[in-house]
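Please look through the structure shown below before reading on. The report then goes from the whole chain to some of its parts.

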Amino acid sequence: MDQEMLQRALAHGRRFVRYGKPASYIPELASKDPSKLGLAVCDMKGNIQTVGNCEDKFTMQSISKVIALILALEQNGFDNVFSKVGLEPTGDSFNSTVRLDHLTNNKPFNPMINAGAIAVTSTIRGGSLEERKKISIEFARKITGNPDLDVDYEVFRSEAETGFKNRAIIYLMRSNGIIEGSCEEHLELYFLFCSLACSCRDLSVFAATLANNGVNPLTGEQLIQPHTVKLVRSLMVTCGMYDYSGEFAATVGLPSKSGVGGGIISCAIGQYGLATYGPALDDKGNSIGGLKMLEYLSEEMDLSIF
């Protein structure tokens, strides 16, 4: 990809950051500089191009829902995971406590909302909570190509201390029979996933692995089975951008996932993994600068899968 194209996309995105603001409901995120903006692109040979604030560390937040889903599917298979969560998009906000799907035995609608991601995380196996944490971090390191990737424990503590709505969600699901075992342990693992600290560079490798049918372009290792990649990418299209997913499909048209930490990953299948960072969010919880950069690149390079 032309480096000048990336610079133009960055300049385009910067025109919009003043219209957003960082997430405030998690205290550690509220202090982030809203002017920061970065873009990284990884091709199928592992070449990475960056512009802007691409070395800045931020937490994955909801982007990690994709990693948790992949790990759960690889450990347990489709039937076991989707006995606890559905496959349908919802117009509700990502942290909604309403409308746990009464049509499917009170399951959350999909794995990209908090309720669904918590249900998915509860299926991740290990001999103990510490082993489950270790397995999850090691998988995240492999899928991002960063052996030093770790948890931001300040954000983790902030999440654990203020995550009252997520506690309400998990105990509601426990009462409906969706969750088995220790709610507090599952929630701790969920908060750990959300608090994984990464850069745009890391996430571009993750996105490229998804775009490359599960093969990490840096190592050549098949990390995800192709049928899992296909399923995950389809859910990213329909549910990955919160309750903006439909409009995003029309304007950008790439399997994508955002997080309130300011990150977005997008997959130009067979071509590129794209990752953006900008903590200034719109009212849906998506990075406003990141959205505008992806809109620009999709239009200029005709990347939409549609």
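What follows is a short report on a predicted model.

## Overall form

The protein contains 13 helices and 8 strands. Its C-alpha atoms fill a box of roughly 55 × 40 × 35 Å along the principal axes. A compact globule of 306 residues would have a radius of gyration near 19 Å, and the 18 Å found for the protein agrees with that.

Of the 306 residues, 60% are buried. The accessible surface comes to about 12000 Å², and carbon and sulfur atoms account for 49% of it. Among contacts between residues at least 6 apart in sequence, 68% join residues at least 24 apart.

S1 pairs with strand S2 (residues 48-52) in the antiparallel sense, over 5 bridges.

Is strand S7 enclosed or open to the outside? In S7 (residues 263-268), 6 of the 6 residues are buried, so the strand is largely enclosed by the rest of the structure. Gly263, Ile265 and Cys267 point one way from S7, whereas Ile264, Ser266 and Ala268 point the other way.

Strand S6 (residues 256-258) pairs with S7 in the antiparallel sense over 3 bridges, with Lys257 opposite Ile265 in S7. The S6 and S7 hairpin has 4 residues between the strands, and Gly262 takes a positive phi near 110°. S7 pairs with strand S8 (residues 272-277) in the antiparallel sense over 6 bridges, and Cys267 stands opposite Gly273 in S8. S7 and S8 form a hairpin as well, with 3 residues between them, and Gly270 in the turn has a positive phi of about 75°.

## An open sheet of three strands

Another 3 strands form an open sheet with antiparallel pairing, in the order S3-S5-S4. Strand S3 (58-59) and strand S4 (150-151) stand at the edges and have a single partner strand each, so one side of each lacks a neighbour in the sheet.

S3 and strand S5 (residues 196-198) pair over 2 bridges. Within this pairing, the bridge partner of Thr59 is Ala197 in S5.

## Helix H6

Helix H6 (residues 129-144) has 16 residues. From its first C-alpha to its last it reaches 23 Å, close to the 22 Å expected at 1.5 Å a residue. Gly145 follows the helix and has a positive phi, near 70°.

An α-helix has 3.6 residues a turn, so residues three or four places apart point the same way. The buried residues of H6 include Leu129, Arg132, Lys133, Ser136 and Ile137, together with Phe139, Ala140, Arg141, Ile143 and Thr144. What do the buried residues of H6 pack against? Their neighbours are helices H3 (64-76), H5, H9 (183-194) and H10 (200-211), along with strands S4 and S5.

Leu10 lies in helix H1 (residues 3-14). With a relative accessibility of 2%, Leu10 counts as buried, because the cut-off for buried is under 20%. Leaving aside neighbours within four places in sequence, Leu10 is in contact with Leu37, Gly38, Val51, Gly52 and Met293. The C-alpha atoms of Leu10 and Thr276 are separated by 9.6 Å, although the two residues are 266 residues apart along the chain.

Asn114 belongs to helix H5 (residues 114-121). Asn114 has a relative accessibility of 4% and therefore counts as buried. The side chain of Asn114 makes a polar contact of 3.1 Å with the side chain of Asn166.

Terms used:
Residues are numbered from 1 along each chain as its sequence is written. This is a predicted model: local features need pLDDT of at least 70, side-chain atom pairs count only at pLDDT 80 or more; totals for chains, interfaces and linings use all residues. Side-chain values use heavy atoms; hydrogens and water are left out. Buried means under 20% relative accessible area, exposed over 50%, partly exposed in between (1.4 Å probe, protein chains only). A polar contact is a pair of N or O atoms within 3.5 Å; within protein, one must be able to donate a hydrogen and the other to accept it, and residues adjacent in sequence count only if both atoms are side-chain atoms. Two strands pair if DSSP finds at least two bridges between them. Contact means heavy atoms within 4.5 Å. The expected span of a helix is 1.5 Å times one less than its number of residues. The radius of gyration is taken over C-alpha atoms; the globule rule is 2.2 Å times the number of residues to the power 0.38. Accessible areas come from the Shrake-Rupley method with a 1.4 Å probe; for residues, only the protein chains shown count as cover.
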